[in-house]
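Here are my notes for you, point by point. Keep the viewer open while you read.

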Amino acid sequence: MLMSASTEFIALVREQMALLAQGLGASLSILYLTTELVEAHVTEAKLVPVVIFPETAAIIGADTNEDDLNTFSSLVRNNATDSSTIDSTKNVNAIFLPNIDNIDNQLVLPLVHENMMLGVLVTTCTLGRMWNEQERGEIKRVVQTLAIACILDQKRAWLHSQLHSSQIIQEKQQDLLDSLLHQFRNPLTALRTFGKLLMKRLQPGDKNREVATSIVRESDRLQELLQKFDEVIDLRASEFAPLLQSNKQLQASAPSSNSPRRALLLPGSDELETDCDVKDILLPLLDSANAIAAERGLQLISNIPSQLPLLRASSKALREVFSNIIDNALKYTPSGGKVLVEAGLFKGNMQGVEISDTGPGIPQQDLEHLGERHYRGVQAQTDIPGTGLGISIAQQLIEQMQGEIQVISPAINSVIKSSDIVGTTFIVWLPVAS
């Protein structure tokens, strides 16, 4: 199917038609384009009127009336999408021009390129005269020019579409790589911390101490590799920033779509939702969080009731959600601070898990952007490393499970709140299993 003609092509056609009018006395010229490429020998083609020149032309004929002219001119001027099937071997004026009886002073010339028909030019000479052979030859050259311009315009539109598709694919791949690398950091940090704790508990000379040392050493290597990944990704992002910005502009100008947000290819994102116990998800994460908190001089307070209603969710996805939010709380809380993880909150048919901290809090202007990929706000000005992806990933996974994340800053929990502490509270709400 042919793509829509560009404004530049339309302008070129009008200029060529103006030359026909000024130089050869054409009183009316109309360009039709086929709705799809057809071979030149095909006798039928669906044509759509694209350009009429002049738009105010008066069609002179025995039975022509002003209503016919206004209707047809409006149809062409608005680039009508309704197409008509015609016999391309006949004169299309008899079909498209209202009530024209005398067609001796008209030319119907197909736009053909490499044996493919692209459209038809219909042009009418001033009433009372006919074109000579030289004038007909010049009009044919104009038609050849329009055919070449049309095919170039189609190639431009096709390349533009391909570039758009390539940019979308590249952006998806970039998002996926960023997300996977981000999620890789949390278990790596826990592994490294457990290795250090194991080294402290093992006595000098214990043969297992070398194993613990190797765990820490290899964890450090992985962290270095992750850092290199970050540098390459940042460099690549800066190089392709103009293309990605162009892609966003294309998406903004494209017709709006109601298609759902694409799913993240992360652990649990493609797992069927089941009835799961939030305690079974939180307790292993809290083991890691306690180790990290102890290393950073933080106090981790947890309150997980033993008997809670089951949640309807993906256990793997929910583990990624809690891991990201707890990791953020530990990362942004200064030494000596507190982090609270509490389950058992309820509203309606939703059960909530609260994660509060005594960190610097989130300014109002940043709360409005929370969940945007790579957005860090004021934290981008600090020495605390981050990618701005954790909350975005958590929010998208929760939305896929028909839940929501509530963010409150200053923190609301009385256990950690005091007059000189700002802090932040995240509450993850999920539907209770029926």
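1. Let's begin with a term: a salt bridge is a side-chain nitrogen of Lys or Arg within 4 Å of a carboxyl oxygen of Asp or Glu. The structure holds nine of them. Bear in mind that this is a predicted model, where local features need pLDDT of at least 70, side-chain atom pairs count only at pLDDT 80 or more, and totals for chains, interfaces and linings use all residues. Residues are numbered from 1 along each chain as its sequence is written, and side-chain values use heavy atoms, with hydrogens and water left out.

2. Look at arginine 312 and aspartate 275: they form a salt bridge, with the closest N and O atoms 3.0 Å apart. Arginine 312 sits in strand 8 (residues 311-313) and aspartate 275 in strand 6 (residues 274-276), so the pair ties together parts 37 residues apart in sequence. Helices (H or I, at least four residues) and strands (E, at least two) are DSSP runs, numbered from the N terminus.

3. Glutamate 404 pairs up with lysine 347 in a salt bridge, the closest N and O atoms being 3.6 Å apart. Since glutamate 404 belongs to strand 11 (residues 404-408) and lysine 347 to strand 9 (residues 338-347), this pair ties together parts 57 residues apart in sequence. There's also a network of salt bridges linking Arg217, Glu218 and Arg221.

4. Now helix 7 (residues 278-296). Aspartate 277 caps its N-terminal end, with a side-chain oxygen 3.0 Å from the backbone nitrogen of lysine 279. Lysine 279 is buried at 19% relative accessible area (buried means under 20%, exposed over 50%, partly exposed in between, with a 1.4 Å probe and protein chains only). Lysine 279 also forms a salt bridge with aspartate 280, the closest N and O atoms being 3.7 Å apart. After helix 7 comes glycine 297, whose phi is positive, near 75 degrees.

5. How many residues of helix 8 are buried? The count is 14 of its 18, so call helix 8 mostly covered.

6. A cavity is a set of points on a 1 Å grid over the protein atoms alone where a 1.4 Å probe fits but cannot get out, and lining residues have an atom within 4 Å of a point. Of the 29 lining residues, Asn328, Tyr332, Leu370, Gln379 and Ile391 lie nearest the centre.

How values were computed:
1 Å grid on protein atoms, 1.4 Å probe; cavity = no way out; pocket = protein on both sides within 12 Å on 5 of 7 lines; lining within 4 Å. Polar contact = N/O pair within 3.5 Å; in protein donor to acceptor, adjacent residues only side chain to side chain.
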